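Please look over the sequence and the model shown here before reading on.

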Amino acid sequence: MRVEIRNMQIIFLFFCFVFIYSGCKGQKPFGENLLLKQKTIPLTGIKGRIDHMDVNLKEQIVYVAALGNNSLEIVDINRKNVLHSIKGLDEPQGVAYIPQQQEIFVANGGNGDCYFYNSKSFEKTGTIHLSSDADDVRYDSTDKKIYVGYGDGGIAVIEAESHQQIANIKLPAHPEGFQLDKQRNKLFVNIPDAKQIAVIDLKQYKIINIWSTGELRANFPIALDTIHHHIFIGYRHPAKLVMMNEGTGLIISSADMVSDVDDVYIDETTETIFASGGGGIICIYQWQNLILKQVAYISTSSGARTSLLIPGLKIFVLAARADQNNKAALQVYRTD
């Protein structure tokens, strides 16, 4: 009798697994009219993983951290070509453009070094040595400060003009995605290895609150709505987009999303969220009455994890890595 019950339990769990798995994989694309592919820009010779990107809005140039290729690709999205490639980097992960100085800032995951480059000549103009694994980067153009997540638990604060590190924020583990709220002088940081989200006071450069992720795991990307003060976290296990109250950390709403999510963005003017992941899907969401609603599910290619929303140009840029059938490229979509 026990054997029969055990067998029935196994069969039940098997069919539950098949149902869930089929439901995720079987979803048909929809909402393609919300994101129309405009152009494809080849990244000739680029191999391996592609990490974060940033934009020179005035000149419409995108800077691409080609981690697996140990290079930074400078791409003119108007002319659809690569203008230059800065080679010899060590697993570049984060990148920021500093318009006031016309400089590019690159964070290297391999050796932890961060480099400044002149955006015209591409000559190196400065170096910041961090201990290891320099990762995501944010630039505060008002205070002219650069924030870099790195090592086993830290965010370096760097003065952009002097090329000097002026502070260090200690964290319990390595930080992944983070966002600034300048209105409230706070920094919100994903710390997946600690299963936490840290809230940092930017005046004191220290943690003032910690929120547990609970049953959710692998919180990598984060987006911030500074108008309504909502936080959007992308989780990989399970694959969920979670909307939170910025003041309390309480979950407001959640929705299924692409697997292996790496980037989440919000267009505050249209209250639209964009998410890209290695599962080969772009998910688009909107919220009504504080409930997240998925409005598009657009097929891309496996491994196309990283992206960049550029509201000023009304475009969404997706980095598609090279595979057996396709060369690496930037896919440029219209968002209007």
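## Strands and pocket in a predicted model

In this predicted model, strand β27 (residues 315-320) is joined by 6 bridges to strand β28 (residues 329-334), and the two run antiparallel. Strands here are DSSP runs of E with at least two residues, numbered from the N terminus, and two strands count as paired if DSSP finds at least two bridges between them. Within this pair, F316 stands opposite Y333 in β28.

Residues are numbered from 1 along each chain as its sequence is written. Local features need pLDDT of at least 70, side-chain atom pairs count only at pLDDT 80 or more, and totals for chains, interfaces and linings use all residues, while side-chain values use heavy atoms, with hydrogens and water left out.

The pair β27 and β28 belongs to an open sheet of 4 strands in the order β1-β28-β27-β26, with antiparallel pairing. Because β1 (36-42) and β26 (307-310) stand at the edges with a single partner strand each, one side of each is left without a neighbour in the sheet. From one strand to the next the twist averages 20°, where axes are lines fitted to C-alpha atoms and angles run from 0 to 180 degrees between N-to-C directions.

Another open sheet of 4 strands has the order β18-β19-β20-β21, and its pairing is antiparallel. Here β18 and β21 (251-256) stand at the edges, each with a single partner strand, so one side of each lacks a neighbour in the sheet.

A hairpin is formed by β14 and β15, with 4 residues between them, and N185 in the turn has a positive phi of about 55°. From β14, F178 and L180 point one way and Q179 and D181 the other way, and all are buried (under 20% relative accessible area, with a 1.4 Å probe and protein chains only).

| Strand | Partner strand | Bridges |
|---|---|---|
| β27 (residues 315-320) | β28 (residues 329-334) | 6 bridges |
| β14 | β15 (residues 186-191) | 4 bridges |
| β19 (residues 230-237) | β20 (residues 239-245) | 7 bridges |

The largest pocket holds about 1,500 Å³ of space; a pocket is an open set of points on a 1 Å grid over the protein atoms alone, where a 1.4 Å probe fits, with protein on both sides within 12 Å along at least five of seven lines, and lining residues have an atom within 4 Å of a point. Of the 46 lining residues, D54, R138, Q179, Y265 and L308 are the closest to its centre. Strand β22 gives the most to this lining, with 6 residues.

How values were computed. Buried means under 20% relative accessible area, exposed over 50%, partly exposed in between (1.4 Å probe, protein chains only). Grid points are joined across faces, edges and corners, and a volume is the space filled by probe spheres set on the points.
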